[in-house]
Amino acid sequence: MATYGDPLQCAGISIGAHRHICAFFNGLDEEHRVLGSFYKDGFDRGEKATHIMPAENPEEYLKRLAEAGIDVQRMMPTGQLEVLPWTDMYVRDHRFDQDAMLASVEKLIQSGTGTGYARTRLVGHHMDWLFFDQSAVENLVEDEARLNRLLSKYDDPVVCNYDSSKFGASVALDILRTHPLVIIGGLLRENPFFVPPEQFLDEMRERRSLRTAS
C-alpha cells in the first residue's frame, strides 16, 4: 500500500486514502468550474499533471486551463504539464485495450517520480465512441475496477471524467461501482455504490457466462 504524503483536496473536500475518482459533468464549463482549483493546486505544489483527452481541439482545453490561472506556456515545455491523446494511452490496433491503459497509467506515475515530482495528478477524459460498443464499455469498466489495485500502490490521484449525456443509467451504475470516490453535481463524496474490484470482476465474468449460455 502507498504511504500518503500531504493531504489532497478535490472539489473543496479532503481526499483520504482513496485515489481513484469518477466525475460526472455536463460539458467542459462544469468540469473546469469544479476541478480548476484541483488542477492549479497541483502546479502550485510543484507536482506534475497529465491530462488525457481527445486528439482534436486541444487548444480549447489548454485555454480553459490558462483561465484557471495555470501557466500553460511555461509548464508544457518543462514537462510539468502533459496533454496526451487517447490513442497514446488506451488504444491498440484501433481497439480499447485494458492492459495498454493500465501499463500507461503506471508508466506515467513512475516517470513523474523518476523526474523528481513528488506526485502526478492524472485526469482522463473517456472516449465517447466507447459507449456505442457494448464490449468496449465492458472492457472499460473492468479496467476501471482493475485500476484500483494499481493505484493502491501509489499516492497519485486519478480523476476519470465522464460526460453524463453520453451513456445510460446501467453504464453509469457500473462506472460508479468501480470508483471509491465520486463527483456528482459538483460535490465530491465517498461512493456508496463502490464494490471491491474482485467482486466486480467476478460479476462481469458471470454476466458474460450467462450471455454465452443463453
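**Reading the model step by step**

Guide: Let's begin with a group of charged residues: Arg19, Asp41, Arg45, Glu47, Arg119, Arg121 and Asp155 are linked in a network of salt bridges. Keep in mind that this is a predicted model.

Visitor: How should I think about a salt bridge in general?

Guide: Side chains of opposite charge can pair when their charged atoms come close. Here the cut-off is a Lys or Arg side-chain nitrogen within 4 Å of a carboxyl oxygen of Asp or Glu.

Visitor: How many salt bridges does that rule give?

Guide: It gives 19 salt bridges. One of them joins Asp155 to Arg19, with 2.7 Å between the closest N and O atoms. Asp155 sits in the loop between α5 and β9, and Arg19 in the loop between β2 and β3, so this pair ties together parts that are 136 residues apart in sequence.

Visitor: Are those two residues buried or exposed?

Guide: Asp155 counts as buried because its relative accessibility is 13%. Arg19 is buried too, with a relative accessible area of 5%. The cut-off for buried is under 20%.

Visitor: Which other residue does Asp155 form a salt bridge with?

Guide: Asp155 also forms a salt bridge with Arg119, and there the closest N and O atoms are 2.8 Å apart. That pair links distant parts of the chain, with Arg119 in the loop between α4 and β8, 36 residues from Asp155. Arg119 is buried, at 4% relative accessible area.

Visitor: What about a salt bridge inside a helix?

Guide: Start with the general idea: an α-helix has 3.6 residues a turn, so residues three or four places apart point the same way. Now look at Asp44 and Lys40, which form a salt bridge with their closest N and O atoms 2.9 Å apart. They are 4 residues apart in helix α1, so about one helical turn separates them. Asp44 counts as exposed at 55% relative accessibility, while Lys40 is partly exposed at 28%.

Visitor: How far does helix α1 reach from its first C-alpha to its last?

Guide: Helix α1 covers residues 28-44, which is 17 residues, and reaches 22 Å, close to the 24 Å expected. While you're there, look for the kink of about 55° in α1, centred on Leu35. Leu35 is one of the buried residues of α1, along with others including Val34, Phe38, Tyr39 and Phe43. After α1 comes Gly46, which has a positive phi near 80°.

Visitor: Next, the sheet. What's the general idea?

Guide: Strands of a sheet pair through backbone hydrogen bonds, either parallel or antiparallel. In this model, 7 strands form an open sheet with mixed pairing, in the order β5-β4-β8-β9-β3-β10-β11. At the edges are β5 and β11, each of which pairs on one side only. Neighbouring strands of this sheet are turned by 20° against each other on average, direction ignored.

Visitor: Can we finish with a single residue?

Guide: Val72 counts as buried because its relative accessible area is 5%. Leaving aside neighbours within four places in sequence, Val72 is in contact with Leu62, Leu65, Ala66, Pro77 and Leu81. For a distance exercise, go from Val72 to Ala55: they are 17 residues apart in sequence and 17 Å apart in space, C-alpha to C-alpha.

Terms used
Residues are numbered from 1 along each chain as its sequence is written. This is a predicted model: local features need pLDDT of at least 70, side-chain atom pairs count only at pLDDT 80 or more; totals for chains, interfaces and linings use all residues. Side-chain values use heavy atoms; hydrogens and water are left out. Buried means under 20% relative accessible area, exposed over 50%, partly exposed in between (1.4 Å probe, protein chains only). Contact means heavy atoms within 4.5 Å. Helices (H or I, at least four residues) and strands (E, at least two) are DSSP runs, numbered from the N terminus. The expected span of a helix is 1.5 Å times one less than its number of residues. The bend at a residue is the angle between axes fitted to the seven residues ending there and the seven starting there. Two strands pair if DSSP finds at least two bridges between them. Axes are lines fitted to C-alpha atoms, for helices over the stretch in contact, and angles run from 0 to 180 degrees between N-to-C directions.
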